[in-house]
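Me: I would like to go through this structure term by term. Please set each value against its cut-off.

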Amino acid sequence: MAWTPLSDRIHHLPLILAGPILRRTEPESVTVWVALQNSCEVTLEIYSTHHGNGMAIQELMLRGTRTTIPIGKHLHLVAVTARSIGNDHLISGQVYAYDLRFEDQQTNTHLNLQHALSSDGFPNISVSYFEHQLPTLPSRPMI
């Protein structure tokens, strides 16, 4: 198999090149890191789940938006932090779901996490064991 430069393959890769990686969780905030091939405004949303078991999404609890920082022509990084909406906070021992939304302002393209992980070469990427198809995170125990 012949070697093909990344510049010839980059447009066949998903928007997300690395991540999402859970960076930090606190009772009032969650930070997720992601590397993208295009500049985007990234929104992180954290949802409570039914009985805190991760099975079914209930309500939006935290939200945050941040724009990526260009590191190279096809490498844009962001660590986006979602903060409490109102008086909501994460409870220790509960499971929460999260979603990322990506807005490319140059092309006016909007993608959710599932679509940002998919491309011609990676058509069926699953990020969840649950029906809602969102990744989950446990709230860390309070020490």
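Reply: A salt bridge is a side-chain nitrogen of Lys or Arg within 4 Å of a carboxyl oxygen of Asp or Glu. The structure holds four salt bridges. This is a predicted model, where local features need pLDDT of at least 70, side-chain atom pairs count only at pLDDT 80 or more, and totals for chains, interfaces and linings use all residues. Residues are numbered from 1 along each chain as its sequence is written, and side-chain values use heavy atoms, with hydrogens and water left out.

Me: What makes Glu45 and Arg101 a salt bridge?
Reply: Their closest N and O atoms are 3.2 Å apart. The limit is 4 Å, so the pair qualifies.

Me: Which parts does the pair Glu45 and Arg101 tie together?
Reply: Glu45 lies in strand S3 and Arg101 in strand S7, so parts 56 residues apart in sequence are tied together. Helices (H or I, at least four residues) and strands (E, at least two) are DSSP runs, numbered from the N terminus.

Me: Which residues are linked with Glu45 and Arg101 in a network of salt bridges?
Reply: Arg63 and Asp99 belong to that network with them. Asp99 bridges to Arg101, with the closest N and O atoms 3.4 Å apart.

Me: Why is Glu45 called buried?
Reply: Buried means under 20% relative accessible area, exposed over 50%, and partly exposed in between (1.4 Å probe, protein chains only). Glu45 has 7%, so Glu45 is buried. Asp99, at 5%, is buried too. Arg101, at 35%, falls in the partly exposed range.

Me: How do you know that Arg24 is exposed?
Reply: Arg24 has a relative accessible area of 51%, so Arg24 counts as exposed. Arg24 forms a salt bridge with Glu26, at 2.9 Å between the closest N and O atoms. Glu26, at 23%, is partly exposed.

Me: What makes the nonpolar core a core?
Reply: A nonpolar core is a set of buried Ala, Val, Leu, Ile, Met, Phe, Trp, Tyr and Cys residues joined through side-chain atoms within 4.5 Å. The largest one has 24 residues. Leu44, Ile46 and Phe102 have the most contacts inside it. Among the elements that give two or more residues to this core are strand S4 (57-67) and helix H2 (113-116).

Me: What is Ile46 in contact with?
Reply: Contact means heavy atoms within 4.5 Å. Leaving aside neighbours within four places in sequence, the partners of Ile46 include Val30, Met61, Leu90 and Leu137.

Me: Is Leu90 buried or exposed?
Reply: Its relative accessible area is 4%, so Leu90 is buried. Leu90 lies in the loop between S6 and S7. Leu90 and Met61 are 29 residues apart in sequence, and 8.3 Å apart in space, C-alpha to C-alpha.

Me: What makes the approach of Gln37 to Pro14 a polar contact?
Reply: A polar contact is a pair of N or O atoms within 3.5 Å; within protein, one must be able to donate a hydrogen and the other to accept it, and residues adjacent in sequence count only if both atoms are side-chain atoms. A polar atom of the Gln37 side chain lies 2.9 Å from the backbone oxygen of Pro14.

Me: Where is the cis peptide bond?
Reply: The cis bond joins Gly19 and Pro20, with omega about 0°. Gly19 is in strand S1 (residues 16-26), and Pro20 is in strand S1.
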